Amino acid sequence: MATIVRSDRSRSGWQFLSDWLDRGLPLVGVLVLFGVWWLIAVSGWVNPVLLPTPIATLDTLVRGMFSGTMLPDFWATVLRTFSAFLLAAVIGVPVGVALGSSEKLYRSVEFLIDFFRSTPASALIPMFILFFGISDFSKVVIAAFSALLLIIFNSAYGVMNAKQSRILAAKVMGANHWRIFKDVLLLESLPQTFIGLRSGISIALVIVIVAEMFIGTEQGLGKRIIDAQQILNVQDMYASILVTGFLGYFLNMLFLVLEKRLVHWSGK
Amino acid sequence: MNSPTTLSTIAPPASFISVKNLCKSFAGAPLYQNFNLDLPNNQLVSIFGPNGCGKSTLINMISGLIPCDSGDIQIHGKPIRRARIGYVFQNYRDSMFPWLSAYDNIAYPLRIKGVSDRDCRDRINQLIETFNIRLDLRRYPYSFSGGQQQLVSILRALVANPEVLFLDEPFSALDFETTLFVRDKLQEIFMATGIPMLMVVHNLEEAVFLADTILLLSKRPTHLVEAVPFTLPRPRTPDTLTSPKFIEVSRHCLDIFRQEMRK
């Protein structure tokens, strides 16, 4: 009896360890990257002026975020990204749903949407400067424009690809057009709409960073990266790049979590 | 109108469904040509026939889900639009609303009609008690098993007191065990309410087991080959499956089906 108990306990110990190792798997890639980075930096293969060690970079990052000037740049970029995203979402979701609920309407503007969706938004920056100048508003509008098309496109497709049998079910229960739209189409489109919102905020961040570099600004991570590069402050450049990476990653995670909460039926 | 009636010449409302001179073609190919049907009231009628003969198309036209090219369809002597109908879809997963709880799914037909929350609750409680449903209806449909989901969708079809219940292959998305469960529940519901039902099935045993009348359809262009009566008293149990009467009717249906396939 005692041996059985002991073997149980040791098995659960192994279980615990292997669970713990499993959970650590995503870190493996990170550690390898930092290891390789560190090796290259200390080996002298690359000019140390161009590549600081990961430790020096992380040190700059932490100092910059907690005591230095990086935090205001960070918030400026976050604020622009969210303003652009909100602008795009407030316009894009209703327009997309409206377009999607009439196939004729959607097909008549489909080419335009596809065309501008395929045009790199950065190519439009000079044009936006002409119209809106080099103000903060200009950067937000450019980012909002590129996010808008993605959001419209996805919301429209969400509505158009609604399950026909659910629409029929609502119809046979006596729902009129308005109720079918409000009770079925709108909710059916939500999973796809969320994909649009998630890609929308990603592209908004990309364009905000590019616009900050290209148009120039007082504060912002894009401006900080290009400035650091110009004066060969490479530690700050790498640290700023890492911050934009973290920002992009967490925005994506935020929307995945929101999606799971709000669209609980997605994929079920 | 000089339509030859197939089952009987009794005028509505003695028949719960009456179809006259129904025509429907798809892409120029006729599916139904001057199709006639009269289904005697208070019956559970099942439709059986070869693949592609338009079984589902027929009940979709009778229930008004898809239009027919010409012809006259009446439910209890009224045009479809004025009849209260319940419809159970083949695929419960794609016909329930996954964003609503099971309770709100069942209540949906009542909400459309503007019934108050309180009356909804009373009606649903009444349904649950009548049919002895033991499900936590606050859960979402996708958290139930297939059979339970189909049961919820049957309740949804029943909640607004339909005059007719249509069922489009209600068991085909279920495994054998849950088919037995849903079949028993359906029989219980039919015995308790007496709501006439028209059901498409793709399995001969299921077609015969619950039915008062089995409609055997031909290959397309589709016509009614025979309306076979099956009069064994309810409740029908697993023993029914081995009773001489059941075997006789099943064999007869199978013979006709095979004759039709050879044509």
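Let's start with a hairpin: β1(B) and β2(B) have 2 residues between the strands, and there Ala27(B) takes a positive phi near 50°. Helices here (H or I, at least four residues) and strands (E, at least two) are DSSP runs, numbered from the N terminus. The model is predicted, so local features need pLDDT of at least 70, side-chain atom pairs count only at pLDDT 80 or more, and totals for chains, interfaces and linings use all residues. Residues are numbered from 1 along each chain as its sequence is written, while chains are lettered from A and ligands numbered from 1 in the order in which they are written.

**The four-stranded sheet of chain B**

- An open sheet of 4 strands has the order β2-β1-β4-β5 (chain B), with antiparallel pairing; two strands pair if DSSP finds at least two bridges between them.
- Its edge strands are β2 and β5 (78–79) of chain B, each pairing on one side only.
- β1 (residues 15–26) and β2 (residues 29–40) of chain B run antiparallel and are joined by 8 bridges; Ser25(B) has Pro30(B) in β2(B) as its bridge partner.
- β1(B) also pairs with β4 (residues 70–75) of chain B, in the antiparallel sense over 5 bridges.
- In β4(B), Ile75(B) stands opposite Ile17(B), and Asp72(B) stands opposite Lys20(B).
- Helix α1 (residues 55–62) of chain B lies across β1, β2 and β4 of chain B and runs at about 120° to β1(B). Axes are lines fitted to C-alpha atoms, for helices over the stretch in contact, and angles run from 0 to 180 degrees between N-to-C directions.

**The six-stranded sheet of chain B**

- Here 6 strands form an open sheet in the order β6-β7-β8-β3-β9-β10 (chain B), and the pairing is mixed.
- The edges are β6 (85–88) and β10 (224–229) of chain B, each pairing on one side only.
- From one strand to the next, the twist averages 15°.
- β9 (residues 213–217) of chain B runs antiparallel to β10(B), joined by 5 bridges, and Leu216(B) stands opposite Glu226(B) in β10(B).
- Helix α8 (residues 244–262) of chain B packs on the sheet, touching β3 (44–48), β9 and β10 of chain B, and its direction makes about 175° with that of β10(B).

**Helix pairs in chain A**

- Helices α9 (residues 221–230) and α10 (residues 234–262) of chain A pack at an angle of about 155°, with their axes 8 Å apart. That's why α9(A) is roughly antiparallel to α10(A); the label is for angles over 145 degrees.
- Residues that meet there include Leu221(A) and Ile225(A) in α9(A), and Met237(A) and Ile241(A) in α10(A). Two residues are in contact if their C-beta atoms, placed from the backbone, lie within 7 Å.
- The axes of α4 (residues 103–118) and α6 (residues 136–160) of chain A come within 10 Å and cross at roughly 145°.
- By class, the contact of α4(A) with α6(A) has 9 nonpolar, no polar and 2 charged residues. Ala, Val, Leu, Ile, Met, Phe, Trp, Tyr, Cys and Pro count as nonpolar, Asp, Glu, Lys and Arg as charged, and the others, Gly among them, as polar.

**Where the chains meet**

- The contact takes 13 residues from chain A and 17 residues from chain B.
- On the side of chain A that touches chain B, α7(A) gives the most, with 5 residues.
- That side of chain A has 7 nonpolar, 2 polar and 4 charged residues.

Note on methods:
Angles under 35 degrees count as roughly parallel, over 145 as roughly antiparallel, 65 to 115 as roughly perpendicular and the rest as oblique.
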